[in-house]
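Subject: Structure for your review

Dear colleague,

Please find the structure below, followed by a summary of what was found in it. I would be grateful if you read the summary with the structure open beside it.

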Amino acid sequence: MIPSIHNRGSETIGLIRYLYGPGTKEEHIDPHLVAAFDPLTPDPGRNPKATHEQLQRLLDQPVNALPAGKRPEKHVWHLSVRAAPEDPILSDEDWAAIARRTVAATGIAPDGDEAACRWAAVRHADDHIHIIATLVRDDGRRPRLHNEARRAQAECRRIEADYNLRRVPAGDGTAAKRPTSAERHKAEREGRGQPAREELRETVRRAVSGAMSEEEFFDRLASAGLLIRRRVAPSGDLLGYTVALPDDRNGDKEPIFYAGSTLAPDLSLPRIRRRFSAGPSGQGADTPAAQTPSGPATARRQAAAATWQAVLVIDHGEDAQVAAHIAAAGEVLDALAKTSAAHSRAQLREAAFAFERATRSHVQAERGHDRALRQAARDLVRSGPALGRGEDGATTAMAIDMLFFLVTAAAHWHAKKNHAQQAAAAHQAAEHLRAAYRAAADAPLGVLYQRGRHLSQPLLRRQAAYLRQAVPELAEQALAEPGWFALAATLADVEAAGHDPARLLAAAAERRELASADSVTDVLVWRLRRMADLPADATAMPEHAPTASLNGRPGRPSAGRADQPRRVR
């Protein structure tokens with residue numbers, strides 16, 4: 001159950017007419033009163049003799065009783081309370097009780113207070129109510145509304161438990177501001193895919209990903225087509241910035257600007273500047289270590305390596321270091337989504353959008369330790385768009401596989417810290433990464449599968465022996481997976497490259513537990529190919545690779561990894 005406190009208004013009659021009206025899309029059905037400060041309050045929805053004006057005069061009476069100079073300009077308070085889609089339909093009596101509990105919890109009408117503010121709760125849909133109140137008590141005083149949003153949230157958590165409704169994760173005040181209903185309706189009217197606030201937040205996050213200076217950050221904003229205003233002090237120092245979409249205008253046809261801090265707490269200029277500070281090594285953005293990699297595939301391999309080291313920090317590091325790595329992981333996700341091919345881009349963008357909520361908590365990030373991840377994000381952006389095939393496509397799958405482990409580790413860390421919303425966001429991001437991985441990995445793993453299924457039986461038995469020697473507790477599971485043949489081909493490549501397959505396999509498996517992985521063989525394939533510095537795309541392997549060990553029989557046309565020959569035991 002989600003409570004939303006809307007912007008305060010100055011016209012009670014306008015809000016009443018909206019609540020009892022048809023709605024912007026004729027979505028209001030049977031508007032009627034479910035509860036009010038007085039049981040005799042007129043209901044224009046069910047009583048044909050009652051009017052909107054009567055209800056307005058009744059609610060505004062304490063406001064109008066004040067001298068004109070003492071009346072608050074914004075005296076209309078508006079709260080909506082919405083149930084989750086999967087919740088049962090509540091009765092009017094249930095919603096009436098919920099309305100009384102929320103006005104009491106927020107301070108509008110505390111229990112037993114005979115001189116409290118006047119209010120009314122209107123229902124015009126199955127899943128939510130609106131509460132309108134006027135912010136002058138019957139005794140002429142103002143209500144005490146300190147932290148009313150947080151108190152409304154806390155009361156809704158109790159209501160969920162009492163009514164056996166879906167439990168919404170509790171917030172901690174670090175979430176980005178959600179689009180208002182007016183912003184959402186405007187986006188729908190104009191045919192936008194998302195409200196301007198969300199589009200700007202995504203664009204600014206992508207611009208800051210891996211940026212090493214204010215100049216680079218603002219250049220990226222300009223390149224993205226945003227309008228930018230800088231707030232400059234009399235001394236000439238830059239204090240802040242606002243951004244706008246060129247085609248998002250108000251009634252006067254002027255661009256609507258948003259400050260970075262109103263898009264998300266960590267997008268204010270002071271918070272962004274903290275990311276630009278040099279890490280422990282003291283390296284700046286122009287040192288040789290920060291030069292652009294040779295191409296998208298190299299950038300993705302480096303991102304996978306940096307991500308894997310970050311997983312180990314999240315598993316065992318100090319809280320401040322973990323918070324920094326999780327925040328920087330959001331930059332890597334933004335950069336990967338920005339530069340990946342179309343078949344995986346949509347799910348990567350959804351993953352980055354969801355994980356944004358997991359990048360902030362009340363644990364203060366210790367900047368500097370996250371430098372490798374921020375450099376990885378920078379390299380992804382500077383290396384340019386990746387192809388969806390070949391080494392670019394295969395290394396995209398490799399990077400996504402590592403990011404999935406990082407996001408999962410972040411979810412576990414947040415859960416241990418009781419960061420409910422952040423943990424839920426990380427789990428949601430992981431689901432989108434699963435979908436992106438399937439899109440990116442199908443082709444390169446299919447190639448490896450075909451190579452593996454054509455290996456000679458002696459060679460397959462040797463790779464199975466390596467597997468049993470290195471990870472005996474997981475060997476039978478791996479041998480039963482469709483991906484075993486891709487792993488066998490990779491082990492053959494590792495051996496052909498001069499490595500000890502059993503030793504490298506043991507090293508790949510011991511770095512972090514594998515039992516919870518969706519596919520043990522997939523994880524080991526990417527770890528081995530990265531650790532042995534093998535091409536992620538098996539078609540790029542040189543002629544001396546284990547194709548010489550094929551059994552010589554012509555294979556059938558590729559049927560993907562589901563077409564499995566006899567298992568090697």
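Two strands are said to pair if DSSP finds at least two bridges between them. Please note that the model is a predicted one.

With that term in hand, consider strand 5. Strand 3 (residues 76–82) pairs with strand 5 in the antiparallel sense, over 7 bridges, and H78 stands opposite I132 of strand 5. Strand 4 (residues 119–123) also runs antiparallel to strand 5, joined to it by 4 bridges; here W119 has A133 as its bridge partner. Strands 4 and 5 form a hairpin, with 4 residues between them.

Is strand 5 buried or exposed? Of its 7 residues (128–134), 7 are buried, so the strand is largely enclosed by the rest of the structure. Both of its faces are covered: H128, H130, I132 and T134 are buried on one side, and I129, I131 and A133 on the other.

The aromatic rings form a second topic. The whole structure holds 6 aromatic pairs. One of them is the tilted pair F217 and F218, with 5.2 Å between centres and 55° between planes. F218 also forms an edge-to-face pair with Y241, at 5.9 Å centre to centre and 80° between the planes. Because F218 lies in helix 7 (residues 214–223) and Y241 in strand 7 (residues 238–244), this pair ties together parts that are 23 residues apart in sequence.

Yours sincerely

Technical notes
Residues are numbered from 1 along each chain as its sequence is written. This is a predicted model: local features need pLDDT of at least 70, side-chain atom pairs count only at pLDDT 80 or more; totals for chains, interfaces and linings use all residues. Side-chain values use heavy atoms; hydrogens and water are left out. Buried means under 20% relative accessible area, exposed over 50%, partly exposed in between (1.4 Å probe, protein chains only). Helices (H or I, at least four residues) and strands (E, at least two) are DSSP runs, numbered from the N terminus. Rings of Phe, Tyr and Trp (its six-membered ring) pair if their centres lie within 6.5 Å; planes under 30 degrees apart count as stacked, over 60 as edge-to-face and the rest as tilted.
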